[in-house]
Amino acid sequence: MNNVFPSPHPLMATKLTILRNVETEPKKFREVVREIAVMLAYEATQDLATRPTTVQTPLAVTDGTELMERIGLVPILRSGLGMVEGVWELMPSAEVWHIGLYRDERTLKPVSYYNRLPVEPTVSVCLILDPMLATGGSAVATVDILKKWGVRKIKFLGLIAAPEGIQALHDAHPDVPIHIGHIDERLNEHGYILPGLGDAGDRQFGT
Ligand code: URA
C-alpha cells in the first residue's frame with residue numbers, strides 16, 4: 001500500500017509510549033494527543049498548494065508564499081476532538097466540521113448522528129482526525145460523507161491503527177492517504193486495538 005504513512009519519527013514513538021502507559025492521567029494524555037496531532041498534520045500537509053505573494057519585511061519587500069487551499073478539519077466525535085486544537089493552531093484559517101457516528105449494535109455498521117455540512121463544499125481539502133483506526137468503519141463512512149459533499153482531497157490522520165482498519169480504509173478509498181503514528185498488531189474480539197492504548201475517548205475525557 002503506497003498511501004499509508006506510519007511516522008518514522010523517534011518523538012512519535014516516545015509520545016505514543018506515554019499514551020499507551022495505563023498510568024498516564026487525562027491531562028497529560030490530552031497534551032500528548034495534541035502534540036502528536038500537530039506532528040501528523042505537519043507531515044500530511046506537505047503537498048498543500050501555495051501561490052507566490054510579496055511581503056514587506058522591516059528592511060525590504062521580498063517574495064512570500066500563501067496557501068491556495070481551503071482546509072477543513074473533520075474530527076470524528078468524540079475522540080477526534082482532542083486532535084483539533086493543535087492542528088488548528090498550525091492552520092488557523094481552517095474550518096472545523098464535526099462528524100458524529102455510532103455503531104448500530106445489530107448491523108455493526110456506523111450510523112451518522114451529527115453532520116451539519118452545508119449543501120455545497122466550503123473547503124478543498126479535508127483532514128479527518130480520529131485517534132484510533134480500528135475496524136475502519138467510521139473512517140470509511142466519514143470519507144463517504146465528505147466525497148458525497150464534493151471534497152476530492154481527503155487525508156486520514158490517526159494516532160494508532162490496526163492492520164484491519166488500514167486494509168478496510170484502503171480497500172474502500174485507495175486515494176485517501178493514511179497518516180498514522182503507529183500500526184499495531186491486531187484487533188481484539190471487542191474491536192479494540194492491541195496493544196493500543198485503550199479507549200481514546202475515555203482516556204482523554206476521564207470517563
Ligand atoms: N477506539 C478506541 O478508542 N480504542 C481502540 O482500541 C479502538 C477503537
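Visitor: Where does Leu 11 lie?

Guide: Before anything else, please keep in mind that this is a predicted model. Leu 11 lies in helix H1, and with a relative accessible area of 44% this residue is partly exposed. Leu 11 and Met 1 are 10 residues apart along the chain, and 24 Å separates their C-alpha atoms.

Helix H1 covers residues 10-20 and helix H2 covers residues 26-44, and their axes come within 9 Å and cross at roughly 155 degrees. H1 and H2 are therefore roughly antiparallel to each other, and their crossing is left-handed. Leu 11 takes part in this contact: on the side of H1, the residues are Leu 11, Met 12, Lys 15, Leu 16, Ile 18 and Leu 19, and they meet Lys 28, Phe 29, Val 32, Val 33, Glu 35, Ile 36, Met 39 and Leu 40 in H2.

Two packed helices are described by the angle between their axes and the distance between the axes. H4 and helix H5, the latter spanning residues 163-172, pack at an angle of about 20 degrees with their axes 8 Å apart, which makes H4 roughly parallel to H5. The crossing in which H4 passes H5 is right-handed. In this contact Ala 139, Val 140 and Val 143 of H4 meet Ala 168, Leu 169 and Ala 172 of H5, and the residues involved divide into 6 nonpolar, no polar and no charged.

From H4 one can move on to the aromatic rings. A search of the whole structure finds 2 aromatic pairs. In one of them, the rings of Trp 97 and Trp 149 have centres 5.7 Å apart and planes at 70 degrees, so the pair is edge-to-face. Trp 97 sits in the loop between strand E5 (95-96) and strand E6 (99-103), while Trp 149 belongs to helix H4 (residues 137-149), so this pair ties together parts that are 52 residues apart in sequence. Trp 149 is buried, its relative accessible area being 7%.

The other pair is formed by Tyr 102 and Tyr 113, whose ring centres are 6.3 Å apart and whose planes stand at 35 degrees, so the pair is tilted. Since Tyr 102 lies in strand E6 and Tyr 113 in strand E7 (residues 110-115), the pair ties together parts that are 11 residues apart in sequence. Tyr 102 is partly exposed, with a relative accessible area of 44%, and Tyr 113, at 46% relative accessibility, also counts as partly exposed. If neighbours within four places in sequence are set aside, Tyr 113 is in contact with Leu 77, Gly 100, Leu 101 and Tyr 102. Of these, Gly 100 is 13 residues from Tyr 113 in sequence, and the two C-alpha atoms are 5.3 Å apart in space.

Most residues other than glycine have a negative phi, and most peptide bonds are trans. The bond that joins Leu 77 and Arg 78, however, is a cis peptide bond with omega about 0 degrees, and Arg 78 lies in the loop between E4 and helix H3 (84-90). A cis bond also runs from Leu 194 to Pro 195, with omega near -5 degrees, and Pro 195 is placed in the loop between strand E13 (193-194) and helix H6 (200-205).

Strand E4, which covers residues 71-77, also holds Gly 72. At 0% relative accessibility Gly 72 counts as buried, and, leaving aside its neighbours within four places in sequence, this glycine is in contact with Glu 95, Val 123, Val 125, Cys 126 and Leu 127. Gly 72 and Val 125 are 53 residues apart in sequence, yet 6.1 Å apart in space from C-alpha to C-alpha.

Methods: Residues are numbered from 1 along each chain as its sequence is written. This is a predicted model: local features need pLDDT of at least 70, side-chain atom pairs count only at pLDDT 80 or more; totals for chains, interfaces and linings use all residues. Side-chain values use heavy atoms; hydrogens and water are left out. Rings of Phe, Tyr and Trp (its six-membered ring) pair if their centres lie within 6.5 Å; planes under 30 degrees apart count as stacked, over 60 as edge-to-face and the rest as tilted. Helices (H or I, at least four residues) and strands (E, at least two) are DSSP runs, numbered from the N terminus. Buried means under 20% relative accessible area, exposed over 50%, partly exposed in between (1.4 Å probe, protein chains only). Axes are lines fitted to C-alpha atoms, for helices over the stretch in contact, and angles run from 0 to 180 degrees between N-to-C directions. Angles under 35 degrees count as roughly parallel, over 145 as roughly antiparallel, 65 to 115 as roughly perpendicular and the rest as oblique. A crossing is left-handed if the near helix is turned anticlockwise from the far one by less than a right angle, and right-handed if clockwise. Contact means heavy atoms within 4.5 Å. Ala, Val, Leu, Ile, Met, Phe, Trp, Tyr, Cys and Pro count as nonpolar, Asp, Glu, Lys and Arg as charged, and the others, Gly among them, as polar.
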